[in-house]
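Please read them alongside the sequence and the structure.

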Amino acid sequence: MQLSRRPIAAGFLFGTLTAIGPWFQGLSIHAASLFSAGLLLTYTSIGFLVAFLPTFRPHFLSGALWGALYSLPGAVFTSVPYPLTADAPAYYREFVGGGLRAALLTLLFGALAGGFAGLFRRARP
């Protein structure tokens with residue numbers, strides 16, 4: 001089975017673009033690098049799934065479906081509030097309260113990454 005590298009590269013590009021954000025949020029180098037690495041690996045792995053799993057037309061919709069399904073466990077975890085120190089940067093505060101908004105943002109970014117990777121998926125012969 002031939003695995004297309006284009007969706008994986010697209011997931012890597014999406015992950016790289018989103019991984020830039022933590023570096024400008026006033027985080028420590030350690031926190032920014034860990035957060036960026038997590039984003040990069042997450043979105044690259046969504047690109048891998050889009051390249052590997054079955055698809056339907058249009059490819060960006062199938063990619064968005066795979067990305068949203070991949071993000072579903074993360075959406076459940078972010079929907080639950082968790083404690084955070086008072087001096088934590090605003091970047092972390094986006095998800096600390098949990099709730100529906102945090103869950104929907106997690107699903108949305110997974111779907112966006114998958115849809116972007118799906119744009120680069122070729123039809124199999």
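1. Helices here (H or I, at least four residues) and strands (E, at least two) are DSSP runs, numbered from the N terminus. The buried residues of helix 2 are Ala-31, Ala-32, Ser-36, Leu-39, Tyr-43, Thr-44, Ile-46, Gly-47, Val-50 and Ala-51, with buried meaning under 20% relative accessible area, exposed over 50%, and partly exposed in between (1.4 Å probe, protein chains only).

2. On provenance, this is a predicted model, in which local features need pLDDT of at least 70 and side-chain atom pairs count only at pLDDT 80 or more, while totals for chains, interfaces and linings use all residues. Residues are numbered from 1 along each chain as its sequence is written, and side-chain values use heavy atoms, with hydrogens and water left out.

3. As to the overall fold, the protein chain has 5 helices and 0 strands, and its elements run α-α-α-α-α from the N terminus on. Of its 125 residues, 34% count as buried. Among contacts (heavy atoms within 4.5 Å) between residues at least 6 apart in sequence, 70% join residues at least 24 apart. The accessible surface comes to about 7500 Å², of which 75% belongs to carbon and sulfur atoms; such areas come from the Shrake-Rupley method with a 1.4 Å probe, and for residues only the protein chains shown count as cover.

4. Which residues form the largest nonpolar core? This core has 9 residues, namely Ala-10, Phe-14, Ala-19, Leu-39, Tyr-43, Ile-46, Val-50, Ala-113 and Ala-117; helix 1, helix 2 and helix 5 (99–119) each supply at least two of its residues, and the largest share, 4 residues, comes from helix 2. A nonpolar core is defined as a set of buried Ala, Val, Leu, Ile, Met, Phe, Trp, Tyr and Cys residues joined through side-chain atoms within 4.5 Å.

5. Ala-19, in helix 1 (residues 6–19), is buried, with a relative accessible area of 8%, and, leaving aside its neighbours within four places in sequence, Ala-19 is in contact with Ser-36 and Leu-39. Ala-19 and Ser-36 are 17 residues apart in sequence, yet their C-alpha atoms are 4.3 Å apart in space. Val-50, not counting residues up to four places away in sequence, touches Pro-7, Gly-63, Trp-66, Gly-114, Ala-117, Gly-118 and Arg-121.

6. Helix 5 has 21 residues and reaches 31 Å from its first C-alpha to its last, close to the 30 Å expected at 1.5 Å a residue. Its buried residues are Ala-102, Ala-103, Thr-106, Gly-110, Ala-113, Gly-114, Gly-115, Ala-117 and Gly-118.

7. Most residues other than glycine have a negative phi, and most peptide bonds are trans. Pro-58 lies in the loop between helix 2 and helix 3 and counts as partly exposed at 34% relative accessibility; Pro-58 and Gly-118 are 60 residues apart in sequence and 8.4 Å apart in space, C-alpha to C-alpha.

8. Is Ser-62 buried or exposed? Ser-62, placed in helix 3 (residues 59–78), is buried, because its relative accessible area is 1%, and, neighbours within four places in sequence aside, Ser-62 is in contact with Thr-55 and Phe-56. Pro-73, also found in helix 3, is partly exposed at 46% relative accessibility, and its C-alpha is separated by 9.5 Å from that of Ala-103, 30 residues apart along the chain.

9. Finally, a nonpolar surface patch of about 790 Å² is made by Phe-56, Phe-60, Leu-61, Leu-65, Leu-69, Leu-72, Val-76, Leu-119 and Phe-120, and helix 3 provides the largest share, 6 residues. Patches are made of residues with over 30% relative accessible area and no salt bridge, like charges being joined within 9 Å and nonpolar side chains (Val, Leu, Ile, Met, Phe, Trp, Tyr) within 5 Å; a salt bridge is a side-chain nitrogen of Lys or Arg within 4 Å of a carboxyl oxygen of Asp or Glu. Leu-72, found in helix 3, is partly exposed, with a relative accessible area of 42%.

Key:
Expected span 1.5 Å × (residues − 1).
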